[in-house]
Amino acid sequence: MWSSTMILVIASLILQFLISTASANDVVVLTDDTFEKEVGNDRAVLVKFYAPWCGHCKKLAPEYEKLAASFKKINTILIGKVDCDEQKIICTKFKVYGYPSILWFPKGSLTPKKFEGARTAEALAGFVNMEAGTNVKIISLPSSVVVLSPDNFDKIVLDETKDVLVEFYAPWCGHCKALAYTYEKVAAVFRLEEEVVIANIDADEYKDLAEKYGVTSYPTLKFFPKNNKTGEDYAGGHELDDFVAFFNEKCGTNRDEQGQLTSKAGIVASLDDLVKEFVIADDDEKKILFSQLEEEGEDYVKNEIQRLEGMLRKSISAPKADEFTLKKNILSTFI
């Protein structure tokens, strides 16, 4: 039989992750099941059809997010996206064979018009404004990169509660300029992680700090984990997925390249055996825990997972997406 202590451990494990953090992603995720509920009805929709591995799609992503953030208060227009690796039915239906493909669906219509312009937020906004008769301007999104100087360097970088990546750059450096776009995306991915800091410093202006850490070329990336504030060279790749994999491994985060939590988030490996033992327990023993979670009993877990999946398919803020994903991941271990 399950002891009351075991029950409370599992219940508290679930409850400790029901937290939220900060920021927003206003692009609505569309699937084979939800597409025609959102498109072809009472509002016009711009849809980006993409593949996660597509380089051009990755480059477009932040521009598309800027577009969505700028149009989020316009109730007559929805900015959505479809992952064609996952949602093959709807992508085949609209003959999407190249990525990214951007299609405009007027209100009440499933007959799209293809966007052929430049893949910038401004060009996309101009297209939507022309088609919809609106006059929306692109809003500037704040940078998530922390700017360092001698005044704040030690306070931020040497903080033993933070894992900090620092880019030492020079304004005239071509390689630094090439990295800047990706570096901003890295900072955006981890903007909700309170213990992770993505920072940079003008090493050309602050030469003393650059010399102190042995910087002789630009850009130089130094990682300052919680347990090593002398710093260590970052030797990974400079693509977004390289940085994301690095932080997930070194810092224990679980983010994907869109900044969303992965299916591993919220799962405590050391308690896997305990959960497995619970899953194979007698039904009467399980009900002790389920009755403490919700009056609905054992059906609570399945019903709650379905509800959370439905919420995650809607346009919700990033903090709420984090909260719902954590709940879903943890509850899924009991199925």
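Trainee: Where in the secondary structure is the place of S101?
Mentor: S101 lies in strand β4, which covers residues 101–105; please keep in mind from the start that this is a predicted model.

Trainee: Why is S101 called buried?
Mentor: The term applies under 20% relative accessible area, and S101 has a relative accessible area of 8%, so S101 is buried.

Trainee: Which residues does S101 touch, leaving aside those up to four places away in sequence?
Mentor: S101 touches V47, K48, F49, V96 and K114.

Trainee: What makes C84 and C91 a disulfide?
Mentor: A pair of cysteine sulfur atoms has to be within 2.5 Å, and the sulfur atoms of C84 and C91 are 2.2 Å apart, a pair that forms a disulfide. A search of the whole structure finds 1 disulfide, and the link of C84 and C91 is left-handed, with -90° about the S-S bond.

Trainee: Are C84 and C91 buried or exposed?
Mentor: With the limit for buried residues set at under 20%, C84 counts as buried because its relative accessibility is 4%, and C91 counts as buried because its relative accessibility is 3%. By that reasoning C54, at 6% relative accessibility, also counts as buried.

Trainee: How do you know that the length of helix α7 agrees with its number of residues?
Mentor: Helix α7 runs over residues 174–189 and has 16 residues, so at 1.5 Å a residue it should span 22 Å, and its end C-alpha atoms are 24 Å apart, which agrees.

Trainee: Which residues of α7 are buried, and what covers them?
Mentor: The buried residues are C176, L179, T182, Y183, K185, V186, A187 and V189, and their cover includes α3, β7, β8, β9 and α9. For C176 the relative accessible area is 4%, so C176 is buried.

Trainee: How does the reach of helix α5 compare with the expected value?
Mentor: Helix α5, residues 121–132, has 12 residues and reaches 16 Å from its first C-alpha to its last, close to the 16 Å expected at 1.5 Å a residue. Its buried residues are A121, L124, A125, F127, V128 and N129, and among the elements that cover them are β2, α3, β3, β4 and β5. Just after α5 comes G133, which takes a positive phi of about 75°.

Trainee: Why is S149 called buried, and where is its place?
Mentor: S149 is in the loop between β6 and α6, and its relative accessible area is 15%, so S149 is buried, given that the cut-off is 20%. Leaving aside residues up to four places away in sequence, S149 touches I201, Y206 and L209.

Trainee: What share of the residues in the protein is buried?
Mentor: Buried residues make up 45% of the 335 residues, and the secondary structure of the protein comes to 13 helices and 10 strands. Of the contacts with a separation of 6 or more, 72% are accounted for by residues 24 or more positions apart, while the protein exposes about 17,500 Å², of which carbon and sulfur atoms supply 50%.

How values were computed:
Residues numbered from 1 in each chain as written. Predicted model: local features only at pLDDT ≥ 70, side-chain atom pairs only at ≥ 80, totals over all residues. Heavy atoms only, no water. Helix = DSSP H or I, 4+ residues; strand = E, 2+ residues; numbered from the N terminus. Buried < 20%, exposed > 50% of the residue type's maximum accessible area, 1.4 Å probe, protein only. Contact = heavy atoms within 4.5 Å. Expected span 1.5 Å × (residues − 1). Areas by Shrake-Rupley, 256 points an atom, 1.4 Å probe, with all protein chains shown as cover.
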